[in-house]
Amino acid sequence: MATELTKERLLEAYRTMRTIREFEDRIHADFSTGEIPGFVHLYAGEEASATGIIMHLSKADYIASTHRGHGHCIAKGVDVMSMMAEIWGKVTGTCRGKGGSMHIADLEQGMMGANGIVGGGGPLICGAALAMKMRKTDNVAICFFGDGASNQGTIFEAMNLATVWNLPVIFVAENNGYAEATSSSYSVACDNIADRASAFGMPGVIVDGFDFFAVHEAAGEAIARARKGGGPTLLEVKLSRYYGHFEGDQQKYRAPNEVANIKAAKDCLTSFAKRVTASGQLSQSDLARIDSEVGALIDESVRRAKSDPQPTAEDLLTDVYVSY
Amino acid sequence: MISVPVVPPSRQASELHQGGSRPIPGSLPLSMPTHYATVGIIANPASGRDIRRLTAKASVFPTVEKANMIQRVLGALGATGIDRVLMMPDMTGIAAAVKRAVAAHAAESHIRWPEVEFMEMDISESVDDTFNAVELMCRRGVAAIVVLGGDGTHRAVAMRCGETPMATLSTGTNNAFPDLREATTAGFAAGLVASGRVAACNATRVNKRLLVEAPGRREVALVDVCVTRHLHVASRALWDAESLDELFVAFAEPDAVGLSSIAGLLHPVSRSAAHGLHVKFANDGREAIRHITAPIAPGLLASVGIAAFEVFPAESSISVATGSGTIALDGEREIEFGPQDHIVVRLDLRGPRTIDVAATMGFAAQRGLLDI
């Protein structure tokens, strides 16, 4: 029988989801003060997807993320202090304050980067997966993309290549219903993104992205299959973002109570907490302790980010090229 | 929504009972006179896309094929003189494809199709859509409902359709309950029954069902109820035989696929028998009296140890013995329960009514109902 998650793993899952939520909620609040430079695209509401999938990975497994990448970074183990500093444009940031929200990358953690190019992750992840295959490891590579990117040629080409070369790739379509302000029910010609899988000769599965356990179980099957040489899979994770496409988005294209209704009925953190306490796997005090610790962590990350120095003019031409 | 002249349900019913019909000017000879009868169509947009594509190589059932099947049903319903179809709307393109097809058909063909009305209702993209659509259809007096889906979809329709007969078509992953047959024939039989040409007593059967009582919930299954030791519903499907603890079946056919196949290979139970079967699996320390290889999902043959089995008499109840886990209804985990929760399963003989396509067509042939 597939083993149930241990208490430690459940605590880890909750901590990751709670950290993503707190991180995003804090940026949402702080962005309105005008102190944070650049654009931010927040992942709040989608935590079960990144967490349920990335919990199956090690540092040697790679992910490619999107412009909405904070959740993927946190789940993959990128340091939260450095991420916050990066978003605040400080020299202590993950990319020394020169990347910002949309370019956080940490190869030591197997995080190939958030990506400002919609659909840009597909070709990157196929390269990583090809290296894994040539080195005969059992590692896997995950390409996160959205419903907007699902219409991009890069994603089609990557899915085709992944099947042709039988690469250990999981394509994860995080379908939050909107490509910027355009509804996916209008812009995606097929009815489910998962339906496109059959055209590329791979299995396509739809998963409830509000349910950590559903995502974790489906991802586990796809990843185990890829590790054994079974080839690529397309997972369509249906979920919703709680904030706008970017901070400042007025979201006139959404129904007035759309987000409130989703939060009330489906929130992944609430659902997770309810289930693990009802089953007796975790207690309310377990969860409250994590809430408190995560709150303190995010407070400290913001305090440090505010006080850390910005890059200087001398830093402008460093880290531009890599020497091999 | 495609606008159509409204025929009050009362008029539909009275004309149906009186055999009311009139020829359609310009209709082809193969089209029977119009009967003011309405048929509902429910096509589950989500069926055929769950994790069993990964775990069991289950089929993908594309939306375009569901839309094609509906068009074949419409042709058959039109040929039997059905004048109107109510169809559940959806966000995934089935209704949109049918709407385009209806418009194209009207422009290009002289073969009569019923008027198709897409019901005005909120869409939640959940099972609630099926519940709402079936309730609305029954209120509008549909004489039959054609259902495209797997066991789960048929279960959802059965929970709301009352005495209205279902014509079942399998487009799901696991299809122990619905018929695996051509949509044209199913539509033909549905039209014959809905128009009153073949009486329900000659064309339909009342199925058994399993009633599950859990704290705060009363659920229905049409084929099987399985108790598993998975603590969470998660991705719903079951593919791990070692997680199974108990199985209750309303009927069990040896050539079925899905969990009921285990019981079917152990002790077959027909759809008409006044009993079901209760099986306990040899997991969690229980010793096996038999081992069976069974197709517990499409493409997934599993070795299953049987600890005990017993006939499950109709109208009797059995309490679930497992301490905590999940209850799967017709193959999909639906209920999470703990040691404090008391779960009872009952076999009920008053389940949904379904159209027996073979019996209907046999009766029609015998009486020459399709002679021109």
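This is a predicted model: local features need pLDDT of at least 70, side-chain atom pairs count only at pLDDT 80 or more; totals for chains, interfaces and linings use all residues.
# Two chains, question by question

Colleague: What is the corresponding carbon and sulfur share for chain A?
Modeller: Chain A exposes about 13600 Å². Carbon and sulfur atoms supply 54%.

Colleague: What does the secondary structure of chain B come to?
Modeller: Helices (H or I, at least four residues) and strands (E, at least two) are DSSP runs, numbered from the N terminus. On that count, chain B has 10 helices and 18 strands.

Colleague: Why is chain B as compact as a globular protein of that length?
Modeller: The radius of gyration is taken over C-alpha atoms, and the globule rule is 2.2 Å times the number of residues to the power 0.38. For 372 residues the rule gives 21 Å. Chain B is as compact as a globular protein of that length because its radius of gyration is close to this, at 21 Å.

Colleague: What share of the 372 residues of chain B count as buried?
Modeller: Buried means under 20% relative accessible area, exposed over 50%, and partly exposed in between (1.4 Å probe, protein chains only). By that cut-off, the buried share of chain B is 59%.

Colleague: What does the secondary structure of chain A come to, and what is its radius of gyration?
Modeller: Chain A has 11 helices and seven strands. The globule rule gives 20 Å for its 324 residues. Chain A comes close to that, so it is as compact as a globular protein of that length, with a radius of gyration of 19 Å.

Colleague: How far apart are the mean positions of the positive and negative charges of chain B?
Modeller: Lys and Arg count as positive and Asp and Glu as negative; His and the chain ends are not counted. Each charge is placed at NZ of Lys, CZ of Arg, CG of Asp or CD of Glu. For the 34 positive and 39 negative charges of chain B, the mean positions are separated by 4 Å.

Colleague: What should the 12 residues of α7 of chain B span, and how far apart are the end C-alpha atoms?
Modeller: The expected span is 1.5 Å times one less than the number of residues. For α7(B) that gives 16 Å. The end C-alpha atoms agree, at 16 Å.

Colleague: Is B:His105 buried or exposed, and which residues is it in contact with?
Modeller: B:His105 lies in helix α4 (residues 94-108) of chain B. Its relative accessibility is 14%, so it counts as buried. Contact means heavy atoms within 4.5 Å. Leaving aside neighbours within four places in sequence, the contacts of B:His105 are B:Ile111 and B:Trp113.

Colleague: Which residues does B:Gly331 touch?
Modeller: B:Gly331 sits in the loop between β15 (325-329) and β16 (332-337) of chain B. At 10% relative accessibility, B:Gly331 is buried. Its C-alpha is 7.0 Å from that of B:Gly258, 73 residues away in sequence. Not counting residues up to four places away, B:Gly331 touches B:Arg52, B:Asp224, B:Arg236, B:Ala237, B:Leu238 and B:Leu259.

Colleague: Is B:Ala46 buried or exposed, and what is its relative accessible area?
Modeller: B:Ala46 is in the loop between β1 (35-43) and α2 (52-55) of chain B. Its C-alpha is 9.4 Å from that of B:Val127, 81 residues apart along the chain. B:Ala46 is exposed, with a relative accessible area of 51%.

Colleague: What is phi of A:Arg96?
Modeller: A:Arg96 lies in the loop between α4 (80-87) and α5 (121-134) of chain A. A:Arg96 is partly exposed, at 47% relative accessible area. Its phi is positive in a residue other than glycine, near 55 degrees.

Definitions and conventions: Residues are numbered from 1 along each chain as its sequence is written. Chains are lettered from A and ligands numbered from 1 in the order in which they are written. Side-chain values use heavy atoms; hydrogens and water are left out. Accessible areas come from the Shrake-Rupley method with a 1.4 Å probe; for residues, only the protein chains shown count as cover.
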